[in-house]
Amino acid sequence: MISKAMADALNAHMNFELYSANIYLSMSSAANEMGLKGSASWFMVQYQEEMTHFMKFFNYLVDQGINISLAASKAVPNTYSSLLEMFEKTLEHEQLVTSRINELTELAVKGKDHATQIFMQWFVTEQIEEENNDRDIIAKLKLVGDNGQGVLMIDGTLGQRVFVPPAGGAAPFPVV
Ligand SMILES: [Fe+2]
Ligand SMILES: [Fe+2]
């Protein structure tokens, strides 16, 4: 049993993870249009990850006896001037996610909601990885600057990323 305030906050964040998924799906399309197939594939993997985050919140709420409510999805941007801009926006977005994850955790602590505190731990750790990945890619992109060959080399490396379903249950949807 979780409080109504906790359930509402988790539900709102579940919708935000779906919004994150949409942002990266759109970035995948934008990278593809730029001829950066590796980056398009990286963002597709990121989209899949966000869908698993969304499903983790969904499953947790359902397991707590909550009938979830899906919000109308907000339109996401789809124009970017460079791959660097895409990753800078990605880092910015993930920093926002981190602050939201911290707020949810704080709410669980204040409400002495031990189950939700344990549930949130996974996301607290995950956000370190998310921000770190983005910072690393941004640093590499800044090193090569406008050098097309350099960008293509990074693009090739990004294309090697593979989707790994998180521990504790794979997403119940077909993986591309
Ligand atoms: Fe996420
Ligand atoms: Fe991740």
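Me: What makes the charged end of Lys56 count as sitting over the ring of Trp122?

Reply: First, the basis: this is a predicted model, in which local features need pLDDT of at least 70, side-chain atom pairs count only at pLDDT 80 or more, and totals for chains, interfaces and linings use all residues. Residues are numbered from 1 along each chain as its sequence is written, chains are lettered from A and ligands numbered from 1 in the order in which they are written, and side-chain values use heavy atoms, with hydrogens and water left out. The term requires NZ of Lys or CZ of Arg within 6 Å of the ring centre and within 35 degrees of the ring normal. The charged end of Lys56 is 4.2 Å from the centre of the Trp122 ring, and it sits over that ring. Likewise, the charged end of Arg161 sits over the ring of Trp42, 4.4 Å from its centre.

Me: Why is the pair of Tyr24 and Phe43 called stacked?

Reply: Rings of Phe, Tyr and Trp (its six-membered ring) pair if their centres lie within 6.5 Å; planes under 30 degrees apart count as stacked, over 60 as edge-to-face and the rest as tilted. The structure holds ten aromatic pairs. In the pair of Tyr24 and Phe43, the centres are 6.4 Å apart and the planes make 15°, so the pair is stacked. Tyr24 belongs to helix H1 (residues 4-33) and Phe43 to helix H2, so the pair ties together parts that are 19 residues apart in sequence.

Me: How do you know whether Tyr24 is buried or exposed?

Reply: Buried means under 20% relative accessible area, exposed over 50%, and partly exposed in between (1.4 Å probe, protein chains only). Tyr24 has a relative accessible area of 0% and is therefore buried. Phe43, also at 0%, counts as buried.

Technical notes. Helices (H or I, at least four residues) and strands (E, at least two) are DSSP runs, numbered from the N terminus.
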